[in-house]
Amino acid sequence: MDTKRKLSGVYIKFVLILLVGLSVFQLYTAGMGAFTPAKQRAIHLTFILASIFLLYAPSKKMKAFNPKLTDILLFLLSIFCCLYAVVGIDTVAIRGGEYIFFDYIIGGIIILLVLEATRRAVGTSLTILGI
């Protein structure tokens with residue numbers, strides 16, 4: 001499934017900065033180990049989901065050079081949900097490991113975002129295995 005976009009203009013520069021930022025983050029945390037594992041995984045997921053929604057089109061038929069509005073909304077939703085997980089992990093620890101309803105909602109949205117990103121980048125076969 002070849003749905004990778006050929007980005008142009010500001011999008012290609014933004015994705016380049018995003019992926020270089022991911023590389024720098026991984027190298028920094030590999031050497032310094034500054035974050036807890038849960039925070040590091042959530043930040044990593046933020047970078048990956050955000051870049052997939054910008055780099056891959058929803059289907060071959062909808063393949064375009066630049067992301068559409070739905071792709072940008074999924075990009076923003078993935079950033080919000082994953083950063084909520086980064087910030088919210090401390091509040092979960094303060095509550096003694098007890099989750100609130102909103103935590104479950106965010107967790108469900110993150111699962112759906114991961115499945116959609118998997119479908120776009122790899123294909124439906126791995127997405128079905130993930131379900």
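A search of the whole predicted structure finds five aromatic pairs, where rings of Phe, Tyr and Trp (its six-membered ring) pair if their centres lie within 6.5 Å, and where planes under 30 degrees apart count as stacked, over 60 as edge-to-face and the rest as tilted. One of these is the edge-to-face pair of Phe14 and Phe75, with 5.7 Å from centre to centre and 75 degrees between the planes. Phe14 lies in helix 1 and Phe75 in helix 3 (residues 69-94), so this pair ties together parts that are 61 residues apart in sequence. Phe14 is partly exposed, with a relative accessible area of 38%, whereas Phe75 counts as buried at 10%; buried means under 20% relative accessible area, exposed over 50% and partly exposed in between (1.4 Å probe, protein chains only).

The rings of Phe25 and Phe35 have their centres 5.7 Å apart and their planes at 45 degrees, so this pair is tilted. Phe25 belongs to helix 1 and Phe35 to the loop between helix 1 and helix 2, ten residues apart. Phe25 is buried, at 11% relative accessibility, while Phe35 is partly exposed, at 34%. Together with Phe47, Phe25 and Phe35 form one aromatic cluster.

Helix 1 (residues 10-32) and helix 2 (residues 37-55) pack at an angle of about 160 degrees, and their axes are 10 Å apart. Axes are lines fitted to C-alpha atoms, for helices over the stretch in contact, and angles run from 0 to 180 degrees between N-to-C directions. Helix 1 is therefore roughly antiparallel to helix 2 (angles under 35 degrees count as roughly parallel, over 145 as roughly antiparallel, 65 to 115 as roughly perpendicular and the rest as oblique). On the helix 1 side, the residues in contact (heavy atoms within 4.5 Å) include Phe14, Leu18, Leu22 and Phe25; those on the helix 2 side include Ile43, Phe47, Ile48 and Leu54. The residues of this contact divide into twelve nonpolar, six polar and no charged, with Ala, Val, Leu, Ile, Met, Phe, Trp, Tyr, Cys and Pro counted as nonpolar, Asp, Glu, Lys and Arg as charged, and the others, Gly among them, as polar.

The chain contains five helices and zero strands, taken as DSSP runs numbered from the N terminus (helices H or I, at least four residues; strands E, at least two). Of its 131 residues, 32% count as buried. The C-alpha trace spans about 50 × 35 × 25 Å along its principal axes. Among contacts between residues at least 6 apart in sequence, 74% join residues at least 24 apart.

Residues are numbered from 1 along each chain as its sequence is written, and side-chain values use heavy atoms, with hydrogens and water left out. As the model is predicted, local features need pLDDT of at least 70 and side-chain atom pairs count only at pLDDT 80 or more, whereas totals for chains, interfaces and linings use all residues.
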